[in-house]
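Please read the following report alongside the sequence and the three-dimensional model.

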Amino acid sequence: MSKLTKKALAVALGELLQDKPLDRITIKDITDRCGLTRNAFYYHFSDVYELLGWMFVSSADEILENFGKEEEWQEGFEKGILFLQENKAAVNHICKSVSREHLDSYLDKVVGFYALRLLRMHTARHDADERAEHLVADFYKNAFIGVIMRWIENDMDMPADRLAKICDIMFRGTVDAAVSSAKKVVETI
């Protein structure tokens, strides 16, 4: 029952975010929308921002669980982008609010997971140690997040599958050089 209550609150918040900025959404708005009491809300969350954080973490966990296989990295990455696109109005409201860190955390978790997975497929043949892997994965994670944030700022002007394909091509075209360089950097530390 607890998970259903959280989900109902999250759906209500998601619907409200389609129409107005996060800073203007109250707990009363959320509970009225889903037919729950304020006590039910406070039993699970301390404020609207905690609910928002739970929404992003839950979505990220679902994406990572369903698309955690190495050979499906681009599809999973695309699903993460599609989630943002399907919630475009909400994402835009969140980007303009004080709680952007929840969006950043979602991107960091989903993109970081896929960057490391994808990288490990390539480092097996390079005999790179874990420090080099994480250095390169961090580099690509931040590059991919930068591309996604620019995409959001440009009103999500490109289909999600195309954005995922571009990231895949950029990664595959540069990863060998990045791993080789990271190995040299790690050796000097």
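## Basis of the description

This is a predicted model, in which local features need pLDDT of at least 70 and side-chain atom pairs count only at pLDDT 80 or more, while totals for chains, interfaces and linings use all residues. Residues are numbered from 1 along each chain as its sequence is written, and side-chain values use heavy atoms, with hydrogens and water left out.

The mean pLDDT of the protein chain (pLDDT being the predictor's confidence in each residue, from 0 to 100) is 84, and 90% of the residues reach 70 or more.

## Overall fold

The secondary structure comes to nine helices and zero strands, where helices (H or I, at least four residues) and strands (E, at least two) are DSSP runs numbered from the N terminus. Taken along the principal axes, the C-alpha atoms of the protein chain fill a box of roughly 55 × 35 × 30 Å.

Of the 189 residues of the protein chain, 44% count as buried; here buried means under 20% relative accessible area, exposed over 50%, and partly exposed in between, with a 1.4 Å probe and protein chains only. Among contacts (heavy atoms within 4.5 Å) between residues at least 6 apart in sequence, 70% join residues at least 24 apart.

Two packed helices are described by the angle between their axes and the distance between the axes. The axes are lines fitted to C-alpha atoms, for helices over the stretch in contact, and the angles run from 0 to 180 degrees between N-to-C directions.

Helices α1 and α2 pack at an angle of about 110°, with their axes 8 Å apart, and α1 and α2 are therefore roughly perpendicular to each other. For this wording, angles under 35 degrees count as roughly parallel, over 145 as roughly antiparallel, 65 to 115 as roughly perpendicular and the rest as oblique. The contact is made by Ala8, Leu9, Ala12, Leu13, Glu15 and Leu16 of α1 together with Asp29, Ile30, Thr31, Arg33 and Cys34 of α2.

## Packing of α8 against α9

Helix α8 and helix α9 (residues 160–188) pack at an angle of about 150°, with their axes 9 Å apart, which makes α8 roughly antiparallel to α9. Residues of α8 in the contact include Leu135, Tyr140, Phe144 and Trp151, and those of α9 include Leu163, Cys167, Phe171 and Val179.

## Salt bridges

Side chains of opposite charge can pair when their charged atoms come close. The structure holds eight salt bridges, a salt bridge being a side-chain nitrogen of Lys or Arg within 4 Å of a carboxyl oxygen of Asp or Glu. In one of them the side chains of Arg33 and Glu15 meet, at 3.2 Å from N to O. This pair links distant parts of the chain, with Arg33 in helix α2 (residues 27–34) and Glu15 in helix α1 (residues 2–17), 18 residues apart. Arg33 is partly exposed at 39% relative accessibility, and Glu15 is partly exposed at 35%.

Arg150 and Glu153 also form a salt bridge, at 3.8 Å from N to O; both lie in helix α8 (residues 130–153), three residues apart, about one turn of the helix. Arg150 is exposed, with a relative accessible area of 54%, and Glu153 is exposed at 56%. Asp129 forms a salt bridge with Arg131, the closest N and O atoms being 3.6 Å apart, and Asp108, Asp138 and Lys141 are linked in a network of salt bridges.

## Loop residues

Asp155 lies in the loop between α8 and α9, and its phi is near 65°, a positive value in a residue other than glycine. Met156 is placed in the loop between α8 and α9, with phi near 50°, again a positive value in a residue other than glycine. Asp155 is partly exposed at 45% relative accessibility, whereas Met156 is buried, with a relative accessible area of 6%.

Asn87 is found in the loop between α5 (73–86) and α6 (88–95), and is partly exposed, with a relative accessible area of 21%. The C-alpha atoms of Asn87 and Leu17 are separated by 8.6 Å, although the two residues are 70 residues apart along the chain.
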